[in-house]
Amino acid sequence: MSANPLSSTAPEAENDRQAPEPNADEVSGIQFDEGVSRNFILLTVYQIVLRCGWIFKTESIIIPAVLDLIAGSGWVRGFLPILGRIGQSCPPLLYADRLRSLPLKKWSLFGTSLAMSVAFAGLAAMFIPGVDTTIGQSAMVVGFLGFYFLFFCATGLNQLGFGTTQGKLVPPHLRGRLMLASNVIGAVIAISLAAWLLPKWLEGNSIQVNWIFGFAALAFVLSALSVIGLRENRDQHDKKTFSPKHLLLESFLVVRNDLRFRWVCLIAAAFGFSLMLFPHYQALARERLDVDLSRMIFWVIIQNAGTAIFSLLGGPLADWKGNRLVLRTMLFGVMILPLGSIALVHSGDAGLYMFDWLFLFVGVTPITFRAFTNYTLELVPAELHPRYLATQSLCIAIPMVLSPFVGLMIDLTSFEVVFSGIAVILFIGWMMTWFLVEPRHETGHHVQYGEMDVDPEDEV
């Protein structure tokens with residue numbers, strides 16, 4: 001009986017790459033080619049520069065605040081999560097097999113980073129003084145959401161490309177260190193840039209959006225240039241053309257046939273509910289605590305500091321104990337956000353000052369995404385990475401179809417009702433993590449799933 005290629009228990013497909021004979025690591029049993037230090041450094045630099053641009057477009061703070069300035073309704077703000085998650089989920093699903101057959105994965109990373117830059121350059125151009133008044137409010141809202149959607153389509157392809165490239169070039173025992181180095185160093189540099197530049201462009205309730213978004217576009221260009229030097233062997237896979245219907249069927253089969261991955265998808269869907277609330281945290285603070293836009297500078301800095309702090313925990317923990325424990329820990333931090341924010345806005349003057357520090361836990365989100373990715377990378381062989389990562393991203397996105405409805409419910413009821421309901425869902429998702437296996441501890445795991453384009457002796 002032939003093994004199901006979509007099952008996590010299927011044997012690894014024959015390696016048909018044209019690559020030099022790899023060396024063997026006698027300790028771990030992993031076989032690698034040369035270049036791990038070079039690729040580790042370049043992928044770290046890539047993520048650092050990307051983060052320097054990302055801090056100027058934080059979708060939990062800056063993006064919804066700018067949209068509120070031109071629209072001002074909760075239901076319009078509610079479109080941000082659904083557009084973001086659809087963009088990050090559906091295009092990767094359609095692109096996964098094309099990426100698999102791409103000989104050099106770094107060019108996907110290069111092209112999608114440039115596409116992210118183009119989208120933000122378009123957003124910046126809309127806010128050039130004179131342009132915004134010429135095109136009118138309705139066109140501004142439609143254009144803003146359109147460029148935002150295009151950006152996250154590029155981001156979804158970019159994240160799929162990065163996960164696949166990392167799976168090819170970085171061995172499992174170094175991925176936690178890659179997350180740690182890129183997030184900590186990136187956060188320090190990004191926070192320094194934000195502390196220097198944002199006060200020039202954001203004062204009181206006035207904001208120069210064109211400069212903020214323009215800087216983000218520049219950073220994305222520079223990040224694209226940093227991956228050109230990656231050392232990567234050419235893959236040789238048969239090119240396949242699938243219809244969208246077939247691609248969706250393959251993702252369904254992945255979930256149906258792989259019990260371990262099915263648990264990951266259920267937890268990912270619960271996590272997706274939390275993302276719907278991110279545009280509303282800043283609105284909750286501005287409406288209930290009466291703070292002005294300049295407060296966002298502090299929030300952005302705290303959020304990115306939170307990413308660095310939790311990376312100091314998550315990175316070493318992932319390399320030491322595996323990504324299951326990291327995922328469980330970070331989801332607990334995400335679960336604190338909804339109820340914590342409601343409690344703080346009802347805490348008087350103390351809540352006004354403590355609410356700022358709640359954004360530390362928003363910084364958990366990038367670590368949670370990376371924990372999902374790294375956990376999935378260890379579940380299956382490398383040739384299945386694009387399909388599994390795309391399916392996982394789709395599962396995070398599925399709840400997001402309710403995002404405009406969540407915004408409308410906030411308008412019709414209250415922040416308290418909606419935030420409490422989603423907190424219950426997050427608790428259920430967190431409880432599910434106790435049923436996950438830890439693939440790192442399985443016999444023969446490194447031999448079966450650890451093959452990379454790196455040399456174990458070329459350590460970082």
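User: Which helix supplies the largest share of the lining of the largest cavity?

Analyst: In this predicted model, local features need pLDDT of at least 70 and side-chain atom pairs count only at pLDDT 80 or more, while totals for chains, interfaces and linings use all residues. Residues are numbered from 1 along each chain as its sequence is written, and side-chain values use heavy atoms, with hydrogens and water left out. A cavity is a set of points on a 1 Å grid over the protein atoms alone where a 1.4 Å probe fits but cannot get out, and lining residues have an atom within 4 Å of a point. Helices are DSSP runs (H or I, at least four residues) numbered from the N terminus, and the largest share of the lining, nine residues, comes from H7.

User: How much space lies in the largest cavity?

Analyst: The structure holds one cavity of 30 Å³ or more. Its lining comprises 44 residues, with Trp54, Gln88, Gln159, Pro366 and Phe369 nearest the centre. Grid points are joined across faces, edges and corners, and a volume is the space filled by probe spheres set on the points. The space in the largest cavity is about 1,000 Å³.

User: Which residue forms a salt bridge with arginine 286?

Analyst: A salt bridge requires a side-chain nitrogen of Lys or Arg within 4 Å of a carboxyl oxygen of Asp or Glu. Arginine 286 lies in helix H12 and its partner in helix H2 (residues 62–70), so the pair ties together parts that are 218 residues apart in sequence. With the closest N and O atoms 2.6 Å apart, the partner of arginine 286 is aspartate 68.

User: Is aspartate 68 buried or exposed?

Analyst: Buried means under 20% relative accessible area, exposed over 50%, and partly exposed in between (1.4 Å probe, protein chains only). Arginine 286, at 24%, therefore counts as partly exposed. Aspartate 68 has a relative accessibility of 13%, so it counts as buried.

User: What is the geometry of the aromatic pair of tryptophan 430 and tryptophan 434?

Analyst: Rings of Phe, Tyr and Trp (its six-membered ring) pair if their centres lie within 6.5 Å; planes under 30 degrees apart are stacked, over 60 edge-to-face and the rest tilted. A search of the whole structure finds 30 aromatic pairs. Phenylalanine 271 and phenylalanine 372 have centres 5.6 Å apart and planes at 35°, so that pair is tilted. For tryptophan 430 and tryptophan 434, the values are 6.0 Å centre to centre and 90° between the planes, which is edge-to-face.

Notes:
1 Å grid on protein atoms, 1.4 Å probe; cavity = no way out; pocket = protein on both sides within 12 Å on 5 of 7 lines; lining within 4 Å. Helix = DSSP H or I, 4+ residues; strand = E, 2+ residues; numbered from the N terminus.
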